[in-house]
Amino acid sequence: MRLEKCWFCSSTVYPGHGIQFVRNDAKIFRFCRSKCHKNFKMKRNPRKVKWTKAYRRLHGKDMTQDSTFEFERKRNRPERYDRNLAENTLKAIKKIDKIRSDRASDHIKNRLKTGKVQRQKEARKQLEQGIHLVKAPLALAQDSSLCLPKIKVNVSQAQIEENQPMEE
Amino acid sequence: MGCAIVVHVYGGTPTEATPQELICIRVIGASNCRYTYIGDVIIAVIKEAVPNIPLEISEMIRAIIVRTRKELKHDNRMIIQHDDNATVIIDQEGNPKGTRIFGANAPKLRQLNFTKIVSLALE
C-alpha cells in the first residue's frame, strides 16, 4: 500500500480513492478526485490553477525548501521489517509532521506580516484625515473629553508624588 | 456492470504486424455479452489495415483487449484508465500473432496467464 500524490493538486491519494490514468507512453497520472481529473482532461496546467500546491509553491505562497521534505522522498527499496525501526519511524512521522506544518504556517505568517503593518498604517492615516466625518472638528476642540484614541495622558508619576505625603 | 469496448466498436491494435483498426464482433466465452473489459478475448474483424501485412481487411481474427478508455476497477479498489482502446491479435491458444507489443499493458493480463504477451510488452 502506498500513499500517492495527486498529479494536479498534490494532495495525498489514499487507497480506494481517485482515478489513475495511464497514458500511452506509460506515464501514470494519479488524481485524488474527479475535480482534478476533470481539470486534467481540460488540459489545464496546474501551475496556473490557483488552488493547487504547484501554483502556490511556484508563486512563493507556500514553503518550498525545507529539510523536513527530505524525509518524504520516495524510496523504492523496501525495508526489511524491524519492529524497533517501525516504532521509531511512526514516532518520527508525527514529530516531523508537526515541525513541517509549524514551519509552513510561520512562512505564511511572515508573508502576511508586511500586509498587516501596511494596513495598520493606512488605517491610522485614514483616522487622522477623516475624523471630521465622525465628529465635527469644532465639537472636538470644545469638548476635551472627546479625543482621538492615540493621545495618551501620562498621569502615573504625578499621582505617586501626591500619595506619599498623604500616607505619612 | 459498467461498459468497456462495446461490441461493434473500433479498437486499435498494438502488435507489430498488425492492422490499424478492428471492430469487435463478439466476445468469446460469454453469450449475449454487451461489454468487455481488459483481458477478454474477442472475435474481431479487420476494418483498416496497414499495407504489407499477412492480415487483410475483412479478415476475422481473435484478439485480446489490453487497454480500454473506460476505467477498469481493480479488486483493491484502484481505478485505472488508459488513453485508447487497444487489442493484441492472438491465435487459438492465446499466443500473440505479432512479435512486438507497443504501449502499456494492464497487470490483469498476467493474472489471466497471457504470459507471452506480458513478456513481450515493454511497459
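Modeller: Of the 168 residues of chain A, 15% are buried (under 20% relative accessible area; exposed is over 50%, partly exposed in between; 1.4 Å probe, protein chains only). This is a predicted model, in which local features need pLDDT of at least 70 and side-chain atom pairs count only at pLDDT 80 or more, while totals for chains, interfaces and linings use all residues. Residues are numbered from 1 along each chain as its sequence is written, chains are lettered from A and ligands numbered from 1 in the order written, and side-chain values use heavy atoms, without hydrogens or water.

Along the sequence the pattern is β-β-β-β-α-α-α-α-α. Now look at contacts (heavy atoms within 4.5 Å). Among those in chain A between residues at least 6 apart in sequence, 42% join residues at least 24 apart.

Next comes chain B. It has two helices and nine strands. From the N terminus on, these elements run β-β-β-β-β-β-β-β-β-α-α. Chain B has 123 residues, and buried residues make up 46% of them. Of its contacts with a separation of 6 or more, 51% are between residues 24 or more positions apart.

Now the part itself. A:Gln20, A:Val22 and A:Asn24 supply 49% of the area that chain A buries against chain B, more than any other three residues.

What holds across the boundary in polar terms? The count of salt bridges between chain A and chain B is zero (side-chain nitrogen of Lys or Arg within 4 Å of a carboxyl oxygen of Asp or Glu). Polar contacts do turn up: seven residue pairs, with both residues at pLDDT 80 or more. The rule asks for N or O atoms within 3.5 Å; within protein, one must be able to donate a hydrogen and the other to accept it, and residues adjacent in sequence count only through two side-chain atoms.

Which residue of E8(B) stands opposite A:Val22? It is B:His82. A:Val22 is also one of the three residues in that 49% share.

Follow chain B on from E8. B:Asp84 forms a salt bridge with B:Arg67, with the closest N and O atoms 2.9 Å apart. This pair links distant parts of the chain, 17 residues apart: B:Asp84 is in the loop between E8 and strand E9 (86-90), and B:Arg67 is in strand E6 (residues 60-67). Both ends are buried: B:Asp84 has 18% relative accessibility, and B:Arg67 has 4%. Elsewhere, in chain A, salt bridges that share partners join A:Lys53, A:Arg56 and A:Asp62 into one network.

A:Lys53 and A:Asp62 meet at 3.0 Å, N to O. A:Lys53 is partly exposed at 30% relative accessible area, whereas A:Asp62 is buried at 10%. A:Arg73 and A:Glu70 meet at 3.5 Å, N to O. Here A:Arg73 is exposed at 52%, and A:Glu70 is partly exposed at 43%.

One last stop in chain A. A:Glu4 lies in strand E1, residues 4-5. Buried or exposed? A:Glu4 is buried, with a relative accessible area of 18%. Its side chain makes a polar contact with the side chain of A:Arg30, at 3.5 Å. Beyond its neighbours within four places in sequence, A:Glu4 is in contact with A:Ser11, A:Thr12, A:Val13 and A:Arg30.

Notes:
Buried area = accessible area lost by both parts, 1.4 Å probe. Pairing = 2+ DSSP bridges. Helix = DSSP H or I, 4+ residues; strand = E, 2+ residues; numbered from the N terminus.
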